[in-house]
Amino acid sequence: MYLQSHIQRRIDGHMGERYDAGAVEPKWQERWEKSDLYRARDDDRDRPTYYILDMFPYPSGEGLHVGHPEGYTATDILARFRRMRGDNVLHPMGFDAFGLPAENYALKTGIHPAIVTKRNIDNIRRQIKRLGFSYDWKREVVTTDPDYYRWTQWIFLQMFDNDLAYQASAPINFCPRCRTGLANEEVKGGLCERCGSEVERRELRQWFLRITRYAERLLDGLDDLDWPESIKTMQREWIGRSTGADVTFRLADPPAGVDPGLVVYTTRPDTLYGATYMVLAPEHSLVGKVMTQERRAEVEAYVERARRKSDRQRTELQKDKTGVFTGAYAVNPMNEEKIPIWIADYVLLSYGTGAIMAVPAHDQRDYVFASRYEIPIVTVIEPHDGSRPPEGRAFVHDGVNVNSGPFDRLSTAKAIPAFTKHLEDSGLGKGVVRYKLRDWLFSRQRYWGEPIPVVHCSGTCGTVAVPESELPLLLPEVERFEPTGTGDSPLAAIEEWVSTACPKCGGPARRETNTMPQWAGSCWYYLRYLDPTNGEKLVDPDLERHWMPVDLYVGGAEHAVLHLMYARFWHMFLNDQGIVSTPEPFGALRNQGMILGFSYRYYMDEADAPTPSSDVTVIKEAAGRAVHRGDGRTMREAWVAAQDVAWQGEGAMRTPVHPTIPGLVLEEVTEKMSKSRGNVVNPDEVIERYGADVMRMYEMFMGPLEASCPWSTEGIEGVHRFIMRSWRLYADRPSNDEEGLTRLRHRTVRSITRHLEALEFNTAISDLMVYVNELTRLDEVSTTDLETLALLMAPYAPHLSEEAWERMGRTQSVHLASWPSFDEKLAAAETVSRGVQINGKLRGEITSGAGAAEDEIWQAAEALSNVARYLVGREVTRVRIVPRLVIFKVK
RNA sequence: GCGAGGAUGGCGGAACUGGCAGACGCGCCAGGUUUAGGUCCUGGUGGGCAUUGUCCGUGGGGGUUCGAAUCCCCCUCCUCGCACCA
């Protein structure tokens, strides 16, 4: 028998040859790379293309954990499957390498971020390659390469030229820890999305991109995308489209020189008669102009207080609504009543017009406020059914207008357009559409990002684009990366870089020192894969048309609104510029779930006395505070890493206990892998122990792709056993040229093909297991079965399949072979067994030939003694024969 | 508070458009191989009663149906997202 020299023959309890992943996997990886097996063919215009894309990783210093390769494994399996089915597959990988961690690391160690980044990329690329993925590495892109970010800057300039990039001094979200501004999308509950610090407001000159111009298209485009509904919903809500009306209220006594019109936005113009006061945001420009002298002190004090509050503080106290009266009045345009103008921080300057008409009877916030400050509450909508509106709160639903002059008795659906029309006819307002989406804060005050390619002319030219011929505008080489004390980027301190000549007038000018946010490079990387070395263009139009759009995009759900919306925005812009041919970049999107780890918890009190979790309750109402069940004293969590846990007892009684505190039983918790919990599983260690094929297969076997499942060190053993058992079919079992397990083979091919098409990897693996288990029972295995198995396994376990394929005497790679086909007729059973159900309960089973007539089946069923027993003396209705059941109904 | 998703053995999870609940794997039990352990192989494994069988069982309660994990109504809990957006 032919033997690979590097496969060790081992006596291992079981006679035969053990599969040595440590030798086989690198061997094939090397051969595949040498033979360019996975090149995507630009010049092949006959086969259908399939562009399957992973969200490229940020190369962190810690390297990958087992969560990252889950999505990569799924896409690799599909890429290999599609290749075997004859598609021309594009499956690239790259690195999203600008970002704060490398810069912060540079600050700590003095090592240049470019060096750290390169080192991290090399490590992660090595980790990825060990898993045997079929990426076309010749297309790798790295966002920090000048040849790459040249085009990121180029796109920015196109936006600048098209009035989509502008500067403004605006109060922005500023993270004191990251020392940089943040986009609205990067703030979660008032905290920095990256580091969790509380976000401050700061007034700084910033760059913005007019993503709001694309709001409608970003919203509409979602409808036709094959994306998870949850992601589409999140984007829809983030865009936050609403329809309503801008209404102009007249100031009752406008001070000299002040525009008497006060414009508010409302989605309920039908409640206009119920507007009993108005509210300005504390920062509203009109506040200082309309407040009366006697209210001045109080108003200014309130404005100052509101200004100091962070967004988080402002939203935390959402139940308490505070405000002060300005002393000024406006006139309700519908009924000419004088209504007071207040300021309150529940009105946000950044939405609508920064001012509202308050209708306490029909808006809960206004209701709470009006109740507190004893402002009149006037009902103008009543329920349709004439029932009384609820006591003590606002009636916010649709209904019928009352107290609304000529609009009385109109239902809400009719009243809204009627009011809007009236406003437009009388010049008091107009119908408008608004969005929650704000322009994208695009500048960061950091070093490690793409320089924004503009200069500020010291003369009269203003802000001038760097000429395209000067791109890429390189980051200067520097020793120090500290942000300046003023909140400026570290670039601002590099005088010889900042000081330059104006491209327009040639006079002195200063370079823009802000850099782009990390999202910039990832907005278009999928385009550069198509043409990664093009020095003339971002992407060749012909190649773009050939490959785009991305057929399937897989990545984590955490990018739901950030990356995925920014990339869509850039893509739409590039589409408008004629650079890309499709309106949307990613046709189908799937999210992989998280891989969780086990960690072990107990509690400590103030005196560090350890307590098992069973003695502790967590009070949800008190922000998750943990207290002792007995005496209610406050407890804090303590953790033991999985590898330190001692185990007590056997089998079902097996209990985790503390390694050093005797008798302290620990609570097993599954949660996100993190260094601090000590529950991180490193892929390098898994591969060393089991090999890449086992790791790939286990990642897919754990559960559905989208589900979050805990990594189980026992569970992977089962997959390891399966791989070893599969190998033994090739290594130490005689084969023959007979039919083999024809029916099971066809069924398995059918089932796995369908599962793969539906991205159901876990159940496809279970089909493989059934097939292998059946083959294992045989003394001799047919070559046809062995070949089919190798082909079916090829996407999942590419190394083992290749090794088996070669061992069967094949000289061409299994990955170039065709996906096996199946025959429905051969997959069908000769005999069919059916359960016999009476009134929904199973009472027996019959087996009949595949072609048996219905009558025959009924008779066989009725003849069963256990069935006859239930049918005798009853009125019997035969109901149906379905594939797996014969169904009777009796009375 | 609003929105989305979810709850199935000791565990991870299967179950096509309503049709034999628990595929596959882990764990566990028994047997075999082995000097022993591990590996490997075979069988068993939701719970109760019992001799073929039978009753109960998919978070809880109700409903539709010959038949419900699956459809409808109510409720509980969990996860995620948003959160004063006028």
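Residues are numbered from 1 along each chain as its sequence is written, while chains are lettered from A and ligands numbered from 1 in the order in which they are written. In this predicted model, local features need pLDDT of at least 70, side-chain atom pairs count only at pLDDT 80 or more, and totals for chains, interfaces and linings use all residues, with side-chain values taken from heavy atoms, leaving out hydrogens and water.

Chain A is divided into domain 1 (23-141 + 520-592), domain 2 (242-434), domain 3 (595-677), domain 4 (684-824) and domain 5 (829-890); the bounds come from an automatic or database domain assignment. Between domain 3 and domain 5, the C-alpha centres are 55 Å apart.

Four strands make up an open sheet with antiparallel pairing, in the order 19-18-21-20. Its edge strands, each pairing on one side only, are strand 19 (463-465) and strand 20 (499-501). From one strand to the next the twist averages 45°, with axes as lines fitted to C-alpha atoms and angles running from 0 to 180 degrees between N-to-C directions. Strands (E, at least two residues) and helices (H or I, at least four residues) are DSSP runs numbered from the N terminus, and two strands pair if DSSP finds at least two bridges between them. Strands of a sheet pair through backbone hydrogen bonds, either parallel or antiparallel.

Strand 18 (residues 454-457) is joined to strand 19 by three bridges, and it pairs with strand 21 over three bridges as well. H456 has T463 as its bridge partner in strand 19 and R510 as its bridge partner in strand 21.

Three bridges also join strand 21 to strand 20, where T500 has A509 of strand 21 as its bridge partner. The hairpin of strand 20 and strand 21 has six residues between the strands, and G506 takes a positive phi near 80° there. Strand 21 (residues 508-511) has A509 and R511 on its covered face, and P508 and R510 on its uncovered one.

The last stop is L543, in helix 16 (residues 541-547). L543 counts as buried because its relative accessibility is 11%; buried means under 20% relative accessible area, exposed over 50%, and partly exposed in between (1.4 Å probe, protein chains only). Apart from neighbours within four places in sequence, L543 is in contact (heavy atoms within 4.5 Å) with D42, R45, L530 and D531.
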